[in-house]
Amino acid sequence: MDHTARKLPVLLLFLVTALVLVYGVLYPNLAVVTTSFQRSGQWTLANYRDVLAQRVVLEAILTSIGLSVFTVALCAFVGVPLAFLFERYDFPGRRLFGALAALPLVLPPLVGTVAFIFLCGESGILARTVQHLLGLETSPWTLRGWPALLLFHTYTMYPFFYVLTGAGLRRVDASLAEAARSLGASRVAVARRVLLPQLTPALIAAALLTFMTSMASFSAPLLFGGNVRVLTLEIFTARQRGDMTIAVTETVILATISLAALVFFQRYEGTRKFVAAALKGATRRREPIKSGGVRVMATLSAIVFSVILVLPVATLILVSFAGDGSWTTQTIPSQYTLGNFRRLFSEPQSYEVFLNSLLMSAIAAVGALAWSFCVVTLLMRRVRSRVLGPGVRRILSLLILIPWALPGTVVAVSIAEAYGQPGSLLGSFVLVGTFWILPVIYFLRFMPLVVRALQASMEQLDPSLDEAARSLGARVWQRFARVTLPLVWPGAVAGTLLAFVIALGEYVASVLVFVPANRPISIAIASELRDFNLGAAAAYGVVLIGIIAISMIVAGKLERWRA
Amino acid sequence: MRPRYFLAVLFFLLTSVFFSCRSGSVNSRRLLIYTPHGQDLLRDFVARYKQKYPGAEVQFLDMGSREVLERVRVERNRPQADLWWGAAHTTFQTAADENLLEEFRPSWADKVPEGSYDKQSRWYGTYETPQVIAYNSDAVSAADAPRDWDDVLDPKWRDKVLIRNPNPSDTMRAIFGAMVWRFQKDTGSTDQGYEWLRKLDANVHEYTADGTLLMQKLGRREGLITLWDMPDVRLFKEQKNLPVAYNLPSSGTPVITDGIAIVKGSANQEEAKRFYEFVTTPESLSYAAQKYYRIPVRTDLDRSTLPAWMNEPFTRMPLDWDLLRKQGSDWLRYWDTSIRGRSSKQ
């Protein structure tokens, strides 16, 4: 094949990738980094000295890391056994749970925390029930501090482990385990030497996502952190006080910790790959559980978990029908009304809000999908080249994850600062005040999810398939459309869906840059909350969850469409 | 070949979306207002404005007043909003100092009291909000409720006091600042003020993230006492049916002035000025007073058009707002690092 013809597509891919990274990640964040190293125009480390000399900041850094480590451990503790139970065995109730498992992941944070407060809070349904049952004077617990944070984090982030371990288990080559068993290895030895290495990439990816999400977690510490000081809250407080330099310096510290974790985890991720083996072997079939007692236990646990998963959403639905002020010391609201929904559907503004969010999230998600194909194709190229060595690839994957590692506020402010006025570098390219600023920010914040999902699917791909197609004379486009795309399609759709759904409920970045033309759902919910229209806020949340459910069904159909 | 069609359709969709959205969003000649006053009040006033001036196009974005400040800062090179309606005067003064506000002298400029406007006319006061001690009226009788600031420190309220996180709240910043300042003005030292906050911390059950949660938790008896602003407590009692009531502190209370300002360099200044004047006419002010519990700042109004409770006398706490604004941040930072959650609760 002609040499230049092979180089051109790669060059194009590189250009697209680089453009987005330079303009979307490097340029806006460069200002953040330089500010943290400057004081009155001079280059200095003084900001870091000042920040790190404060006891509270050190405390916040350690608390953030500790909280994230505990969150990872707890999520693994919940998610991995569940994945084993529901991927390996068949019993009544398994499908129901499978359908619900990812629910916490797509529950918008603003809605999720509110539902959580109504359900588990000090005066929530659970606490009031226990209080009334036991005849207590005061509430049996408070929803504050470490236990509350860990509970909420585990609830919202365990799906990373559940979903990724489940996917990993489906890829595990059962014949390897059988071979080991027939050679006399014990069950424990098989688990440790055969199963664990194959699952490692999935576990590492899950741990990394959980760690970073927990580090950047803001709503939960703000609402029920009590006196627990985490770094995101310190940044928020510094901004509120007007200490912008300190806020920026703390942000850089936060991002550095997250990225250090990434580097740390990547060392393990790369060393153990079982790509080829996994493709050639057979996957293990689900074993039906026959033994009566175990079957009952498994079914029971499926039911219990399903109930736990659904409770916050059920609470939200309940609140959406509650009348104002009808719920003070009672266990559940005493009056019900359709008024909240009537109000929502009678106002043209609410339709607009839903349309805006749907449109912007779709643009961001589809853009992220298209761009991810460029990035991943580039990252996965097996041809050794001078320009694209392993070092460059590692830097690329690092840059891609930066927006995910940063708190949403920081992403919004840095983009707004960088694209707030016509500049020499950018010409008249201004985003502030336009419809486009939100899709761009959604794209930047959530494209790491799509890239990761696609990368995982691509890694599974047997490179010999592509080589075979090439040797048969297929062109680049043909190989992509006929070989690669069908095989990675399910993973790509899953990642895009996740980005789409999370973008639908985005709040912290949106509030700083939205305009009348793109007012999203989350802002409408926040407005209702500020006006103490809790029922109306819940009604918005219920409709939003309905939309998310519909998109997941559509995505399920899309996934099968290519297969 | 199906994927190629798929991509072509996708491309077409994206470009059409791009062009359809581009028109209208940029450089529109509509009046844009940033405001924390809430959707109900804004929709109402926009509708009344359009009735008077048919053809006027008005849009508003509702968010917290600190978020407005942050946005106006970010957008300083390309201002989006024309009018900023609603925030404590301390926030407006900060914005004025950062050169974010335009000078404008409304027709009623000489009808507001001293201290309720910027000397350089960059903002003027519209409403005033006295701070009060609020309590759950189902759980606490009017006779038992604290009557003055120091009563809140009584050990009988241990673990019963709810306080809104003061960092993002102008109301709470003012109250905390006033508590430090009232000792500092005599002794020159912040020690006694900090001691007061430390004792308060010992009684605090929870620092809530926002005002809505504060009122919700008070209504649901997670705590029984709080410090908050008078119009809000009244609104929650009468319009949201929450069992809450308040006492005006007998030794005097800080009164925050809520203001209005035109954003520097904005596109529709004439329209902004017209709206500015419209919402501050005596009719508009007494309408807002009747329907939305906003106490007007203007001194030339017929007080009989206002709800009776607005005419009840109370003691004002004289405050040095400039000092509070400049040093308040340091005090708050000290509170945040050395007082909050650190007092012994034995």
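A:Ser40 is exposed, as 6 other C-beta atoms lie within 10 Å; a residue counts as exposed if 12 or fewer other C-beta atoms, placed from the backbone, lie within 10 Å of its own, as buried at 20 or more, and as partly exposed in between. The model is a predicted one, in which local features need pLDDT of at least 70 and side-chain atom pairs count only at pLDDT 80 or more, while totals for chains, interfaces and linings use all residues. Residues are numbered from 1 along each chain as its sequence is written, and chains are lettered from A and ligands numbered from 1 in the order in which they are written.

Most residues other than glycine have a negative phi.

| Residue | Phi | Loop |
|---|---|---|
| B:Asn99 | about 65° | between helix H4 (89-97) and strand E4 (101-102) of chain B |

B:Asn99 also counts as exposed, with 11 C-beta neighbours inside 10 Å.

Chain A is divided into domain 1 (9-39 + 338-563) and domain 2 (53-335), with bounds from an automatic or database domain assignment. Taken over C-alpha atoms, the centres of these two domains of chain A are 23 Å apart. In chain A, 36 residues of domain 1 are in contact with 33 residues of domain 2, contact meaning that the C-beta atoms of two residues, placed from the backbone, lie within 7 Å. On the domain 1 side, H25(A) provides the largest share, 10 residues. That side of domain 1 of chain A comprises 25 nonpolar, eight polar and three charged residues; Ala, Val, Leu, Ile, Met, Phe, Trp, Tyr, Cys and Pro count as nonpolar, Asp, Glu, Lys and Arg as charged, and the others, Gly among them, as polar.

Helix H17 (residues 348-380) of chain A and H22(A) have axes that come within 8 Å and cross at roughly 145°. Axes are lines fitted to C-alpha atoms, for helices over the stretch in contact, with angles from 0 to 180 degrees between N-to-C directions. The contact of H17(A) with H22(A) has 10 nonpolar, three polar and no charged residues.

Between the chains, the contact takes 41 residues from chain A and 48 residues from chain B. H1(B) gives the most to the chain B side, with eight residues. The residues of chain B that touch chain A divide into 17 nonpolar, 14 polar and 17 charged.

Definitions and conventions: Helices (H or I, at least four residues) and strands (E, at least two) are DSSP runs, numbered from the N terminus.
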